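Please look at the sequence and the structure first.

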Amino acid sequence: MLTIGEFSNICKVSTKTLRYYAEIGLILPDEINQENGYRYYSINQLEKMLLINRLKAYHFSLEEIKSIIESEELMEEALFAALHKKKKEITVQVQKFEDTLKQIDGDISNLRQGKSILSYLKNIDVQLVEIPKMHILSIRKNVLENEFSEEYGICFGNLFRKMEEKKLTAAAPPMVLFHSDEYSPFGLDTEFAIPIKEYATGTRDFCPGLCLKTVVQGSYSQLSSVYAKQIEWAKKEGYENSNALYEVYVTNPAEVLRESELVTEVYYPVKKRASKESG
């Protein structure tokens with residue numbers, strides 16, 4: 001038997017942490033002296049503690065680790081599935097860091113050349129285009145900022161099921177319309193929509209008309225810069241917003257391996273600003 005101190009030293013885990021693990025039922029002492037409360041661990045528990053440490057190093061939560069360990073005779077299968085899933089998650093994170101490093105290198109290069117860190121804004125292309133009327137099947141709701149990714153999957157899943165039930169055909173990629181300028185405590189007024197070839201019950205007309213269009217290749221984090229550029233362009237050229245701005249997701253986020261593969265079209269409906277009459 002090993003004292004809690006000896007077990008702590010071998011596994012490189014503090015005694016405070018071991019007591020917490022015991023509280024949550026992750027790994028319990030093999031024996032507790034009823035007279036003095038001293039805790040003892042068996043040699044056999046070393047492997048279990050090493051497994052816990054290894055999974056923690058892979059960024060598994062304690063709850064996830066406990067679930068894997070408690071799988072009993074199915075633990076190997078549960079461990080295989082959990083590691084496979086975690087590998088995918090970490091791969092995505094690594095790719096995001098690689099993209100961020102590439103962006104930082106670009107910023108450093110610009111600064112060395114005496115350019116502004118925001119000089120990339122000059123490379124954002126803004127086109128003035130006319131978008132015809134379209135029929136859209138949609139779901140409109142208030143969405144909190146941290147719930148957008150989840151709602152994206154839920155709402156478009158529901159819309160594609162409705163399309164299948166009604167035998168409707170998509171005319172263009174999925175899109176999201178933003179009907180409010182800013183977040184409220186109730187979220188952003190958002191409409192998830194799919195353009196439909198057929199005019200059917202449950203669809204509605206959307207008439208964007210004249211729009212500023214920008215095609216974005218890469219991370220969604222660029223979109224705020226695009227909005228800023230489009231608003232700046234509109235103000236300079238004498239235009240103002242006329243309808244809900246919207247994004248068209250040319251590529252499905254679930255089907256790409258890297259953010260750099262994402263393609264998004266950003267549309268900002270505009271009209272000519274009325275000239276002020278001189279008084």
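The structure holds zero disulfides, a disulfide being a pair of cysteine sulfur atoms within 2.5 Å. Cys207 takes part in none, and its nearest cysteine sulfur, in Cys211, is 11 Å away. This is a predicted model, in which local features need pLDDT of at least 70, side-chain atom pairs count only at pLDDT 80 or more, and totals for chains, interfaces and linings use all residues. Residues are numbered from 1 along each chain as its sequence is written, and side-chain values use heavy atoms, with hydrogens and water left out.

**Cysteines**

- The sulfur of Cys211 has its closest cysteine sulfur in Cys207, and at 11 Å the two are too far apart for a bond.
- Cys211 is buried at 0% relative accessibility, where buried means under 20% relative accessible area, exposed over 50% and partly exposed in between (1.4 Å probe, protein chains only).
- Cys207 is partly exposed, at 44%.

**Salt bridges**

- Seven salt bridges are found in the whole structure; the term means a side-chain nitrogen of Lys or Arg within 4 Å of a carboxyl oxygen of Asp or Glu.
- One of them joins Lys86 and Glu64, with the closest N and O atoms 3.9 Å apart.
- This pair links distant parts of the chain, since Lys86 belongs to helix α5 and Glu64 to helix α4 (residues 62–69), 22 residues apart. Helices (H or I, at least four residues) and strands (E, at least two) are DSSP runs, numbered from the N terminus.
- Lys86 is buried at 9% relative accessible area, whereas Glu64 is partly exposed at 33%.
- Another bridge connects Glu151 to Lys141, with 2.9 Å between the closest N and O atoms.
- Here too distant parts of the chain are linked: Glu151 is in helix α6 (residues 148–166) and Lys141 in strand β5, ten residues apart.
- Glu151 counts as buried at 14% relative accessibility, and Lys141 as partly exposed at 30%.

**Asp189 and its surroundings**

- Asp189 lies in strand β7 (residues 188–196) and is buried, with a relative accessibility of 17%.
- Its side chain forms a salt bridge with that of Arg140, at 2.7 Å from N to O.
- Arg140 sits in strand β5 (residues 134–143) and Asp189 in β7, so the bridge ties together parts 49 residues apart in sequence.
- Leaving aside residues up to four places away in sequence, Asp189 touches Arg140, Lys141, Asn142, Leu177, Phe178, His179 and Ser180; contact means heavy atoms within 4.5 Å.

**Helix α1**

- The buried residues of α1 (residues 4–11) are Ile4, Phe7, Ser8 and Cys11.
- They cover an arc of only 100° around the axis, which puts them on the same side of α1; the arc is that of the directions from the helix axis to the C-beta atoms.
- These buried residues pack against β1 (2–3), α2 (15–23), β3 (39–41) and α3 (45–57).
- Lys12 follows α1 and has a positive phi, near 60°.

**Confidence**

- The chain averages a pLDDT of 89, and 97% of the residues score at least 70; pLDDT is the predictor's confidence in each residue, from 0 to 100.
- Among the elements of the chain, mean pLDDT is lowest in helix α5 (residues 75–112), at 88, and highest in strand β4 (residues 127–131), at 96.
- Where pLDDT is low, the predicted coordinates should not be read in detail.
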